[in-house]
Amino acid sequence: MTGLFSRIKGDKTIWASAGLLAIFSFLPVYSSSSNLAYLYGDGSTFPYLVNHFIYLFLGFVIMFFVHKVPYHYFVGLSILVLPILILLLAFTVSQGMVIDGANASRWVTIPFLNKTFQTSTLASVVLLTYVARYMAKMKDQTFTFKKSILPLWVPVALVLGLILPANFSTTAILFAMVLLVVFIGGYPLKYIGAILGAGIIFLSIFMLSAKAFPGLFPHRVDTWISRVENFTNDEVTEADYQIEKAKIAIASGGIAGQGIGKSVQRNFLPQSSSDFIYAIIVEEMGLIGGIGVMLAYLMLFFRIIIVATKANSVFGKLLVIGVGLPIVFQALVNMAVAVELFPVTGQNLPLISSGGSSIWMTCLALGMVLSVSAKREEELQQEKDERPADEDNPLEILSEAI
């Protein structure tokens, strides 16, 4: 075990935060999966706990091996994988997969394993890595809108356009992260404004077309449009069932909660182990548990910013921001949905909710962040080895530790 820990590099606080969130997740997943156990199983929640353990174990294996890869290798990988990803997204959105009688064109079945995988989660990591690569490449050049259309915005438009029909929330988060990365990378504000305006116009046309011709987009378009409409009005409909149950769960949690495993609303929330797991956490562990989970993600956010700040290359900084911040942003969105600050989105709580795709891609992204951090540690160690012992400054040592 000591030998394994000695091979772990990168920011130790990120490792610890991810590990604590993963360990903590077993409690709410084991508790909240009871409704699934009775609806689709024999009443035992143990198989769901085992599946969750396997997903987390494979996720941390991914994180370990990815953090060992020098992060500059991700430059070439993003170029190679992006065309394959676009084809995979096109296949996903066209094959019209049905789960439990509902159209769910967000998953593909992995051959031989008979497991489903949500391709949009991989798209987020690959696209943001590609955008970070482009912005780093252009750091010493003058940006022109015309020059950036083909290498930057066409791939972004293709990926977002293929995700949008089945998953509006992921599209919106990904688009916001792309704009953030290009802004930090020095892309002119006037061009960002033009892209934002074009995105709003396209989304408006898309939604109006879906409303005017209901059969034009046979995916989940009607679902996410109705969710947005229900959020913007005060009328209580059947579509508000999940959010009403989530608010009841949160309200009944109080300060200390009902007790672990004593949730009542888990039996009524259809997505209690994934999309609305935060409501179950607050119901069982109260305000204390809810704030504790939020603080864990804020600590992760703080360390991601530290890693980005200390990275020695532009690509490293943008890569950390691009793949790291969406994890925290997704967590905040999930919590905001539970208290009805956002419309229902279908976003999981990273490293806590059940589901293999989300866990694996979160671990992949964290592995990339840790790769940048590990490279910085390696450079600092080399500098320390080359520096005479009497030149060590206590303030520098403290700064490096932070």
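1. In this predicted model, the protein exposes about 19,600 Å². Of the 402 residues in the protein, 48% are buried.

2. The secondary structure consists of 15 helices and four strands. Among contacts in the protein with a separation of 6 or more, 71% are accounted for by residues 24 or more positions apart.

3. The largest nonpolar core has 99 residues. Those with the most contacts inside this core are V131, W153, V159, V178, V182, Y187 and L349. Helix α13 provides the largest share of the core, 14 residues. As general background, nonpolar side chains tend to be buried together in soluble globular proteins.

4. V182 deserves a separate entry. Which residues is V182 in contact with, leaving aside its neighbours within four places in sequence? They are V131, M135, L152, W153, Y187 and I192. Of these partners, V131, W153 and Y187 are also listed with V182 among the residues with the most contacts inside the largest nonpolar core.

5. N348 lies in the loop between α13 (314-338) and α14 (356-386). Is N348 buried or exposed? With a relative accessible area of 15%, N348 is buried, because the cut-off for a buried residue is under 20%.

6. The surroundings of N348 may be read alongside this value. Not counting residues up to four places away in sequence, N348 touches S274, D275, Q330, N334, S353, S354 and S358. Among these, Q330 and N334 fall within the range of α13 (314-338), and S358 falls within that of α14 (356-386).

Notes:
Residues numbered from 1 in each chain as written. Predicted model: local features only at pLDDT ≥ 70, side-chain atom pairs only at ≥ 80, totals over all residues. Heavy atoms only, no water. Helix = DSSP H or I, 4+ residues; strand = E, 2+ residues; numbered from the N terminus. Buried < 20%, exposed > 50% of the residue type's maximum accessible area, 1.4 Å probe, protein only. Contact = heavy atoms within 4.5 Å. Areas by Shrake-Rupley, 256 points an atom, 1.4 Å probe, with all protein chains shown as cover. Core = buried A, V, L, I, M, F, W, Y, C linked by side-chain atoms within 4.5 Å.
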